[in-house]
Amino acid sequence: MTFTTRPTLRGTFGMVSSTHWLASQSAMRILELGGNAFDAAATAGFVLHVVEPHLNGPGGEVPAIIATAADPTPRVLCGQGVAPAGATIEHFRSLGLELIPGSGPLAAAVPGAVDAWLLLLRDHGSLPLRTVLEPAIGYARNGHPLVARVGDTVRTVKDLFTDHWQTSAELWLQGGTPPNANKLFRNPAYAETLERLLTTAEGAGPDRVAQVERARTTWREGFVAEAVDKFARLPHRDSSGEDHAGLITGDDMASFQASWEEPATLDWQGHTVAKTGPWGQGPALLQSLAVLAELGDPASLDLTSAEAVHTTTEVTKLSYADREAWYGDGADVPLKTLLSPAYAGQRARLIGPDATFELRPGSPDGRQPHLPSIASGNNQGDATTGEPTVSSDGVTRGDTCHVDVMDQWGNVISATPSGGWLQSSPTIPELGFCLGSRLQMFWLEEGLASSLAPGRRPRTTLTPTLVLRDGAPVLACGSPGGDQQDQWQLLFLLRNLVGGQDLQEAIDAPAWHTTGFPSSFYPRAVEPGSLVMESRLGTAVRDDLVRRGHVVTEADPWSLGRLCAVSREADGVLAAGANPRGMQGYATGR
């Protein structure tokens, strides 16, 4: 028997995996009450807003991929908010900015997460809205034991809160000190926000759908939008070192609605892998899988070897170079060509025995790539080597949550909530949460696939995954980690789908990633040739990679990867696994 940090759970009733045990168990409670996977995921999503406030919040966003028992065709739920009407390149340039700040109200996209969870409930839920929201309301009002990382985050930004973001200080520095780990923490303002939203919704009458629609309207056009509009107009300090007002208005809130979309898909090794469209980074995983298939049988890769680390790293560099050149909302993305075997074959021929330091996007359909100017430089930053990074000005890399649910009827969802971190921007006092900072993923240069424009979605790093076999969903997975999300998922899929490892084995196995491309996060650092690997891979592997030219950073042995996963095995048995790193994620099921 292979040792794992915990068992792969198996059963027939339902499975949940998320980045916090309270969210997982709250979702499982919903399944026990007779709810389906979508009721359960929404419950987990609202709980995650409360218990992982440093990783996501109501002012953030969520993309998800679902398949229903009635129709297993995968669909993408887009809860990624857009740039406000006033968010133009000209406006930021007039402020003397060359990059969008990584924190503060100026970096906020329109919140998308709450409307997306409510849209999911409207179209595919089954339980009353009150049942779904009760756990989050309870944890916000009565308190929950706070994970240590929240207090650590608040300590990092304490001076920012004290000197510039007093409303955040009032919530997070009660008594002048950051909250202590494992002690009950309450957010009564947010509990009141949810209760008020729910009371208004129930005023629409007993019909469940009517209640959900009333909640959506209230969020977009009622007291929440009014508070956002008023607070965003107030200048606050951001990572530029200056005070700027935000750009979101009540009209921006009213005009945004979450939506359903077709996924990007790739047929690979007897499976169909579904991701978001190229407004997110998801297709980069599909490109990586396609190139690996052109290099030989993926099942032959020994993922404990330097050769496998080198190969997957070089493949990733090519896929992420294409991400930089071609992906973006509203751009003319040649996705069909980017995912074609012919193009993958061209890219595979670029991979040699040594590490590359260049960003090498391709020319699909003969088109010339256009990269941001920063990509040609060497804007160094610190490699993310495990825990998400937060700096004293609130700039954050890699902070995200994830939840997967599969129920007994065949419904399944993979969702990656993020943004609206407590360190993103000042707390809106009457709401109990803050806005996000996702606009930092736009470029303030014209003519790029991800150039800033009003109404566009930032090219998000959030990238849930759904896998089908013979047209039926068999796996949902995802991971926090910013630019690393699809790199860690690539390793997981190789191990699970073709390597024969079960969920927990594949999650526990040593991980690695590269940061040899422009970061999606301010200040958009580039680290040519970088390769970060868990030290468990061993000194022989490390030394071999160094000889190949990789700039290797050895991370702690259990520090990379944040994967969650649920699956349906060939005999119909349901399974789940969760990441032990960070000691927060948990799976549950029976």
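Tutor: Strand β2 (residues 14–18) runs antiparallel to strand β14 (residues 403–407), and five bridges join them. Strands pair if DSSP finds at least two bridges between them. Helices (H or I, at least four residues) and strands (E, at least two) are DSSP runs numbered from the N terminus. The model is predicted, with local features needing pLDDT of at least 70 and side-chain atom pairs pLDDT 80 or more, whereas totals for chains, interfaces and linings use all residues. Residues are numbered from 1 along each chain as its sequence is written, and side-chain values use heavy atoms, without hydrogens or water.

Within this pair, Ser-17 has Asp-404 of β14 as its bridge partner. Both strands belong to an open sheet of seven, ordered β9-β4-β3-β15-β14-β2-β23 and paired antiparallel. The edge strands are β9 (259–261) and β23 (586–589); each has a single partner strand, so one side of each has no neighbour in the sheet. From one strand to the next the twist averages 15°. Helix α1 (residues 21–32) packs on this sheet and touches β2, β14 and β23, where contact means heavy atoms within 4.5 Å. The direction of α1 makes about 160° with that of β2; angles run from 0 to 180 degrees between N-to-C directions, and axes are lines fitted to C-alpha atoms, for helices over the stretch in contact.

From α1 the next step is to helix α2 (residues 37–51). The axes of α1 and α2 come within 8 Å and cross at roughly 150°. The two helices are therefore roughly antiparallel (over 145 degrees; under 35 is roughly parallel, 65 to 115 roughly perpendicular, and the rest oblique). On the α1 side the contact has Leu-22, Ala-23, Ser-26, Ala-27, Ile-30 and Leu-31, and among the α2 residues they meet are Ala-40, Ala-44, Val-47 and Leu-48. By class, this contact has 11 nonpolar, two polar and one charged residues (Ala, Val, Leu, Ile, Met, Phe, Trp, Tyr, Cys and Pro are nonpolar, Asp, Glu, Lys and Arg charged, and the others, Gly among them, polar).

Another open sheet can be read the same way. Seven strands in the order β1-β22-β21-β17-β16-β11-β10 form this sheet, again with antiparallel pairing. Helix α17 lies across β10, β11, β16, β17 and β21 and runs at about 140° to β17.

These helices also meet. The axes of α13 (residues 283–295) and α17 (residues 485–498) come within 10 Å, crossing at roughly 45°, which makes α13 oblique to α17. The crossing is right-handed. Leu-285, Ser-288, Leu-289 and Leu-292 of α13 make the contact with Asp-486, Gln-489, Leu-490, Leu-493 and Leu-494 of α17. Six of these contact residues are nonpolar, two polar and one charged.

Two loop residues deserve a look. Most residues other than glycine have a negative phi, and most peptide bonds are trans. Gln-269, in the loop between β10 and β11, has a positive phi of about 50° although it is not a glycine. Pro-523 lies in the loop between β18 (512–513) and β19 (530–534), and a cis peptide bond with omega of about 5° joins Tyr-522 to Pro-523.

As for the whole, the protein has 19 helices and 23 strands. Its C-alpha atoms fill a box of roughly 60 × 60 × 45 Å along the principal axes.

Notes: Left-handed = near helix turned anticlockwise from the far one by under 90°.
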